[in-house]
Amino acid sequence: MLHDRVLVDPDADAGERHSTGGILIPATVQMGHRLAWARVAAVGSSVRTVKLGDRVLYDPQERSEVELQAKTYVLLRERDLHAIAAERISEAETGLYL
């Protein structure tokens, strides 16, 4: 990985969603602008805020897909990440680094 690039593995369940009433919404339905979660698979030498294995929030419309060893990953710049999910959440914190 070069410079400020981050390679992420998108969550498998990011396609289909359930409504609050329990109705299954297929991945083909377009519903507004929705961000997606992914796990960090690799980072460039200039990346400062994320580490391998972190769970990050990104915009799926601003992405470049790459296939490595028959698996699809998303290549992003560090500045395109919106949040990092915390592994340990205390009572006083929200659990997200924004």
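Student: What does Asp59 touch, not counting residues up to four places away in sequence?
Tutor: Asp59 touches His33, Leu35 and His82. Contact here means heavy atoms within 4.5 Å. This is a predicted model, in which local features need pLDDT of at least 70 and side-chain atom pairs count only at pLDDT 80 or more, while totals for chains, interfaces and linings use all residues. Residues are numbered from 1 along each chain as its sequence is written, and side-chain values use heavy atoms, with hydrogens and water left out.

Student: Where is Asp59, and is it buried or exposed?
Tutor: Asp59 sits in the loop between β5 and β6. It counts as buried because its relative accessibility is 6%. Buried means under 20% relative accessible area, exposed over 50%, and partly exposed in between, with a 1.4 Å probe and protein chains only.

Student: What does the side chain of Asp59 reach?
Tutor: The side chain of Asp59 reaches the backbone nitrogen of Gln61, at 3.1 Å.

Student: And Glu62, where is that one?
Tutor: Glu62 is also in the loop between β5 and β6. Glu62 counts as partly exposed, because its relative accessibility is 47%. Leaving aside neighbours within four places in sequence, Glu62 is in contact with Leu76 and Asp80.

Student: How far apart are Glu62 and Asp80?
Tutor: They are 18 residues apart in sequence and 8.0 Å apart in space, C-alpha to C-alpha.

Student: Change of topic. How many helices and strands are there in the protein chain?
Tutor: Zero helices and nine strands. Both are DSSP runs numbered from the N terminus: helices are H or I with at least four residues, strands are E with at least two.

Student: Which strands does β4 pair with?
Tutor: β1 is one of them, and those two run antiparallel, joined by five bridges. β4 and β5 also pair in the antiparallel sense, over four bridges. Two strands pair if DSSP finds at least two bridges between them.

Student: Which residues stand opposite each other there?
Tutor: Val8 stands opposite Val40 in β4. Ala38 stands opposite Val56 in β5.

Student: What about the largest nonpolar core? Which members touch the most other members?
Tutor: Of its 13 residues, those are Val6, Val8, Val50, Val56, Tyr58 and Leu81. A nonpolar core is a set of buried Ala, Val, Leu, Ile, Met, Phe, Trp, Tyr and Cys residues joined through side-chain atoms within 4.5 Å.

Student: Which elements give two or more residues to this core?
Tutor: β1 (5-10), β4 (36-43), β5 (55-58), β7 (71-77) and β8 (81-85). The largest share, three residues, comes from β4.

Student: What is Val50 in contact with?
Tutor: Leaving aside neighbours within four places in sequence, Val50 is in contact with Val6, Val40, Val43, Val56, Glu78, Leu81 and Ile84.

Student: Glu78 is in that list. What else is in contact with Glu78?
Tutor: Asp4 is, and Asp4 is also in contact with Ser46, Val47, Leu76 and Arg77, again leaving aside neighbours within four places in sequence. Asp4 lies in the segment before β1. Asp4 counts as buried because its relative accessibility is 19%.

Student: How much of the protein chain is buried?
Tutor: Buried residues make up 30% of the 98 residues.

Student: Last thing. What is the mean pLDDT of the protein chain?
Tutor: The mean is 80, and 72% of the residues reach 70 or more. pLDDT is the predictor's confidence in each residue, from 0 to 100.

Student: Which element has the lowest mean pLDDT?
Tutor: Strand β9 (residues 96-97), with 58, while β1 has the highest, 93. Where pLDDT is low, the predicted coordinates should not be read in detail.

How values were computed. A polar contact is a pair of N or O atoms within 3.5 Å; within protein, one must be able to donate a hydrogen and the other to accept it, and residues adjacent in sequence count only if both atoms are side-chain atoms.
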